[in-house]
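Work through the exercises below with the model open. Each task is followed by a stepwise solution.

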Amino acid sequence: MRQPMQILFVEDVETETELAVRELERGGIACSYKRVETEEALRDVLKTFKPDIVLSDFSLPRFDGMNALRIVRELLPDVPFIFVSGTIGEELAIQALHNGATDYVLKTNLRKLVPSVKRAIAEVRERQEKLRMEAALRQSENTLRDIVETIQEWIFETDSERRILFSNSYVSEILGCSREEIIGTSVDGFLDAEERGALIAEWSAKHDPAQVVNSVARRWRHRDGSSRWLEEKVIVRCDARGAPLGFRGALRDVTQRRLHEGHIARISRMHAMLSNVNSAIVRIRSRTELFKELCRVSVDIGGYAIAYVSVIEGATVKPLVWMGQGADFLRDLRIPLVATDRASSSLTAQALHSREVVVSNDVARDARPMYQRNDLLKRGYRSAAILPLEANGKVIGALSLYTAETGVFTESEIALLRELAGDISFAIQSIENERALHYLAFYDALTNMANRSLFSERLSQMISAAKENNRPIYLVLMDLERLHTINNSFGRHAGDQVIRAIGQRLLMAVGDGTHAGYCGANCFAIAVTAVDGENQLADWVRERITGAISEPISIDGNSLYITAKYGVASCPQDARDADMLLRNAEAALRWAKTHNEAYARYAVRMNTEVSERLTLENKLRQALELRQYVLHYQPKVRMDTGEISGVEALLRWQDPETGLVPPMKFIPLLEETGLIVDVGQWIIKQAIADHAQWTDLGLVPPRIAVNISAVQLHDADFVAQTLKLVSGIRPEDMYIEFEITESMLMSDIDQSIGKLRSLRDAGIKIAIEDFGTGYSSLSYLTKLPVDTLKIDRSFVNGITTDADKKAIVATIISMARSLGKVTVAEGVETREQHAFLRQMNCDEIQGYLISQPVSAELLVAQLRARILVH
């Protein structure tokens, strides 16, 4: 529990102190304080009381604030000192600040006290953290010095003439000389003429401080006259302007390794090849460019005669990129996947079918059937290795490596080739996954149309162009009717098919795909630039849009007729920018829906709805005080056992006038007004209380997931308040879990990571909700302190019929598994969906197939049953 702030008041009026304390507590600052009003009392109390902050009046009957400031600065120089006075003027305030006061606040304006105190305390903590970091830096320097002295490598620095300026003591183990003996001598004296010339040439060629020679081994002379093979890593030392000053390096003894030089040389090349390939994997995000770099590294570093990557095209395998002398013959090569009367089975086909590395260490004597054996021998290739490449569980092609020697591929090298194939396959899959996630950040997965974010950006560009040409631009928002009825009658998949079909028709009707988008919640947006007035716009909407959607849509043998309502706003008449244009078009659409009109043109009067929202806001404020909010719980079950693994807490409002209110009717307003912060704290407290009640009934309650909004996460006190609420639960026993959306995390990634880590330290698990509908790059996803990825219901709805959704869900599950995350599929409604998710090894599911959300009391029966699905 957070300790109260220790405050020392220098104040002669007790009521003034109480007013300040009340203001601080109203601002969320718990206080423990003492009050003095004389210099003697101040000096006495500071002997035993260490305040976090001093709040002082400026004028006192027997004392004055400036003397109090002087004493506090003398005895407690780091403690903030704030004048809280009703008499201090601007000149005196400036003098006080010059004398060391932190701030001043007028008693007539105490609302500034809390921010001033918080700011002062934060500054103190920042100074303390700076001191801590400086101490840590000194400790780090000492540690580095210890490491340099204890590491079993010769660490040295030289000037530009290679004279040794610094050496650690391990040089005696390497060359037999003490550190004192070697300082001032040149490294040239420890090398014979051939090695000395090579070293001088290689070191002199260094200009970039980041340029390091890896695994360069040469013979050095020991003091006793024997030779030692030392492996060196050397970089250039430069001054601030980049001018070379000398060299810095580390040498280690690899003499024993040279006894097996031939084998180790090949393995070293393979390791260097792997290192370079993995470096390429990190920086290259294009599959073709990655393949090109893979081939280059295989030839230049791996030492292979030729390397090429081939991809599957129908019944053949086609070389895509290649490297190596004489490799142009691959341009027209097509390798059959299946052996025929005219073609024997190829090593490539064998590797692709078996999904294993296939090796031939002697092409001429290999007893297996081999495609184009004679052609390979004619070109001088004696050994070959084929590495299958996979992505998302499918073989997509192969990396082929050829050498002019026989017997090259040992078991050790084959093991490294398997590792290489795995790394490349993982990289291909990551590139495909990131491409899919990037697409989802800007396009709606259901309709493949621009989502609201991308459409808004395009709308801004269209507005700029329209202004330059002095033409109006109209925004038409179209909301589909009866979707709820279709979902209830035929299932959500039917509603999704309707939305998808309408989206395709709109794109055809509009002609330019950049002029249409899907904003979610059954709402489409169309930008119209080709009309000159309201009458032409109405005709355009009637002929193009209404005409496009009026034709029936066939779903599962049923002809469904779709109608829509339209909201229209224009620029520059109704708005100056894209955001305002969207808001006003939405206001018009709401008006049309509220007044049951098919078509509504924006008018200023529509903004009177704001007053209605204020009424709703007041009711929502009272609902918390009157305990009208309730929690319902929807179970999550494990796929492997069917047992309840957790429940999601869902907020409901029991309005005395209208009954149980669905969340979408009031939660957006809670978030918009900030009420969600207090309501969110109530949700956590109520979830803890319900968990305790279930425990008292002899049940074993599962973990409880609580949805956290962006408003809550970005609230400065969110973490502290949350940790206070769960302080009675040990981290190892923690059962509270937070669900947070992707877009919320990515809006301020660094701050989000810090807050989530604090919560996880308390044992609270973190789940990303609606995963796949926002944008999380793979590089950030690996850094985020999250435990669970929840697959959005929009993907789950179509997984049994939509190949794209199947691929997306499979990708998310595969990616989560590779990152060690748990996957939970939302919105599971059918046995077919359940079966597919089980096949994909999804960890948990949630949805109406299991249970609809129920009250805490009704959940008891489900907890007693434990297993909800078989």
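**Exercise 1.** Classify Arg35 by accessibility, then find its salt-bridge partner and follow the contacts of that partner.

*Solution.* 
1. In this predicted model, Arg35 has a relative accessible area of 29%. Buried needs under 20% and exposed needs over 50%, so a value in between is partly exposed. Arg35 is therefore partly exposed.
2. Arg35 forms a salt bridge with Glu37. The closest N and O atoms are 3.2 Å apart.
3. Glu37 has 25% relative accessibility, so Glu37 is partly exposed too.
4. Glu37 also meets Arg62 in a salt bridge, 3.3 Å from N to O.
5. Arg62 lies in the loop between strand S4 (59-60) and strand S5 (63-64). Glu37 lies in the loop between strand S2 (31-36) and helix H2 (39-48). The pair therefore ties together parts that are 25 residues apart in sequence.
6. Arg62 is at 59% relative accessibility, so Arg62 counts as exposed.

**Exercise 2.** Which elements does the salt bridge between Asp253 and Arg228 link?

*Solution.* 
1. Check the contact. The closest N and O atoms of Asp253 and Arg228 are 3.3 Å apart. The cut-off is 4 Å, so a salt bridge is assigned.
2. Locate the residues. Asp253 is in strand S12 (residues 244-253), and Arg228 is in strand S11 (residues 227-238). The pair links distant parts of the chain, 25 residues apart.
3. Check accessibility. Asp253 is at 35%, partly exposed. Arg228 is at 21%, also partly exposed.
4. Now look for shared partners.
5. The whole structure holds 53 salt bridges.

**Exercise 3.** How many aromatic pairs does the whole structure have, and what geometry do Phe81 and Phe83 show?

*Solution.* 
1. A search of the whole structure returns 16 aromatic pairs.
2. Take Phe81 and Phe83. Their ring centres are 5.1 Å apart, with 75° between the planes. An angle over 60 degrees counts as edge-to-face. The pair is edge-to-face.
3. Phe81 is buried at 0% relative accessible area. Phe83 is likewise buried, at 0%.
4. Take Trp653 and Phe666 next. Centre to centre they are 5.9 Å apart, and the planes make 70°. This pair is edge-to-face as well.
5. Locate the second pair. Trp653 sits in strand S27 (residues 644-655). Phe666 sits in the loop between strand S28 (659-661) and helix H20 (667-673). The pair therefore ties together parts 13 residues apart in sequence.
6. Trp653 is buried at 3% relative accessibility, and Phe666 is buried at 0%.
7. Ring pairs can also chain together. Trp154, Phe156, Trp203, Trp220 and Phe247 are linked into a cluster this way.

**Exercise 4.** Which rings have Lys34 and Arg379 over their faces?

*Solution.* 
1. Lys34 lies over the face of Phe49, 5.5 Å from the ring centre.
2. Arg379 lies over the face of Phe329, at 4.0 Å from the ring centre.
3. Compare with the distance cut-off. The charge must be within 6 Å of the ring centre. Both contacts are listed as lying over the ring face.

Key: Residues are numbered from 1 along each chain as its sequence is written. This is a predicted model: local features need pLDDT of at least 70, side-chain atom pairs count only at pLDDT 80 or more; totals for chains, interfaces and linings use all residues. Side-chain values use heavy atoms; hydrogens and water are left out. Rings of Phe, Tyr and Trp (its six-membered ring) pair if their centres lie within 6.5 Å; planes under 30 degrees apart count as stacked, over 60 as edge-to-face and the rest as tilted. Buried means under 20% relative accessible area, exposed over 50%, partly exposed in between (1.4 Å probe, protein chains only). Helices (H or I, at least four residues) and strands (E, at least two) are DSSP runs, numbered from the N terminus. A charge sits over a ring if NZ of Lys or CZ of Arg is within 6 Å of the ring centre and within 35 degrees of the ring normal. A salt bridge is a side-chain nitrogen of Lys or Arg within 4 Å of a carboxyl oxygen of Asp or Glu.
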